[in-house]
Amino acid sequence: MTADLSRQVVAVTGASSGIGEATAMACARAGASVSLAARRAERIEALARRIGEEGGRALAVETDVGQESEARAFIERTHGELGRLDVLVNNAGVMLLGPIAGAPTEEWRRMIHANVYGVLYCTHAALPLMADQGSGHIINVSSVAGRHARAGSGVYNLTKFGVGAFSEALRQESVAMGVRVTLIEPGAVATELGGHNRPEVLEQMAKAFQGVTLLASEDIAEAILYAIGQPANVSVNEVLVRPSGQVR
């Protein structure tokens, strides 16, 4: 079943590349108007042009979602300029791995800034708008690292376990509002996400996934579309998607 998102408005954070970009394109092709948030303005502006060239409608808003004022401005502009807000995809995130002992603590702050505060601030701004409509869908992109903690990814695990816990509490609170909540947990995906790690971490990652065919961003976008496209009485609460060759 192909999702029909005609007359819906979908806001996507971290839309400048990877899963966010693929999700925005998939939603636009399914008929949605899309709002794009990322810090790299030139990337989301180019994506908005591509969507427009395909006959879709897109709004690009340069945003650091870990800054509360910017996250709120993104949500408010989306609602104000596109007329409503049906789906929020909290996708923006940072993955900086390595041992806890001796870690550059600035890496920890960067992850908490984007992975935790970004989800909280965007959700906080979106929820009353959806409640007023009597409908909405919040999709939080976590990770398999939000289910299984491993040495070398402790603080990343912390942020993604937190997103999972927040999502379940949010789900329970949002039922009476008519707002659905879905947690998406990708395994290893071929994106830019891992590329910001230190060289020694990149070497370990390459060894860990040697011989594994990684997921494409479009694979996760399809999982998100599946969750969005369900009838109103069906709530897909959690989706874990791994490459077939990924063990953990």
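Arg50 is partly exposed, with a relative accessible area of 36%. In this predicted model, the side chain of Arg50 meets that of Glu21 in a salt bridge, with 2.7 Å from N to O. Glu21 is also partly exposed, at a relative accessible area of 24%. Arg50 belongs to helix H2 and Glu21 to helix H1, so the pair ties together parts that are 29 residues apart in sequence.

**Salt bridges**

The structure holds eight salt bridges. Side chains of opposite charge can pair when their charged atoms come close.

| Pair | N to O distance | Relative accessibility |
|---|---|---|
| Arg50 and Glu21 | 2.7 Å | Arg50 36%; Glu21 24% |
| Asp86 and Arg84 | 2.9 Å | Asp86 9%; Arg84 29% |
| Glu168 and Arg171 | 2.8 Å | Glu168 33%; Arg171 24% |

In the pair formed by Asp86 and Arg84, Asp86 counts as buried, because its relative accessibility of 9% falls under the 20% limit for buried residues. Arg84, at 29%, counts as partly exposed.

Glu168 and Arg171 lie within helix H5, which spans residues 154–174; they are three residues apart and therefore separated by about one helical turn. Glu168 is partly exposed, and Arg171 is likewise classed as partly exposed. Elsewhere, a network of salt bridges links Arg147, Glu185 and Glu238.

**Overall fold and dimensions**

The secondary structure of the protein chain consists of seven helices and seven strands. Along the sequence, these elements follow the pattern β-α-β-α-β-α-β-α-β-α-β-α-α-β. Among contacts between residues at least 6 apart in sequence, 73% join residues at least 24 apart.

For a chain of 248 residues, a compact globule would have a radius of gyration near 18 Å; the value for this chain is 17 Å, which agrees. Taken along the principal axes, the C-alpha atoms fill a box of roughly 50 × 40 × 35 Å. The accessible surface of the chain comes to about 11600 Å², and carbon and sulfur atoms account for 51% of that surface. Of the 248 residues, 50% count as buried.

In soluble globular proteins, nonpolar side chains tend to be buried together. The largest nonpolar core here has 38 residues, and Leu5, Val10 and Ile224 are those with the most contacts inside it. Elements that each supply at least two residues of this core include strands S1 (9–13), S2 (33–38), S4 (87–90), S5 (136–141) and S7 (238–241), together with helices H1 (18–29), H2 (41–53) and H7 (217–228).

Leaving aside neighbours within four places in sequence, Ile224 is in contact with Ile19, Thr23, Val89, Ile139, Val141 and Ile184.

**Nonpolar surface patch**

Helix H4 (residues 105–133) contributes three residues, the largest share of the patch. Tyr117 is found in helix H4 and is partly exposed, with a relative accessible area of 37%.

Definitions and conventions
Residues numbered from 1 in each chain as written. Predicted model: local features only at pLDDT ≥ 70, side-chain atom pairs only at ≥ 80, totals over all residues. Heavy atoms only, no water. Helix = DSSP H or I, 4+ residues; strand = E, 2+ residues; numbered from the N terminus. Buried < 20%, exposed > 50% of the residue type's maximum accessible area, 1.4 Å probe, protein only. Core = buried A, V, L, I, M, F, W, Y, C linked by side-chain atoms within 4.5 Å. Contact = heavy atoms within 4.5 Å. Rg over C-alpha atoms; globule rule 2.2 N^0.38 Å. Areas by Shrake-Rupley, 256 points an atom, 1.4 Å probe, with all protein chains shown as cover. Salt bridge = Lys/Arg side-chain N within 4 Å of Asp/Glu carboxyl O.
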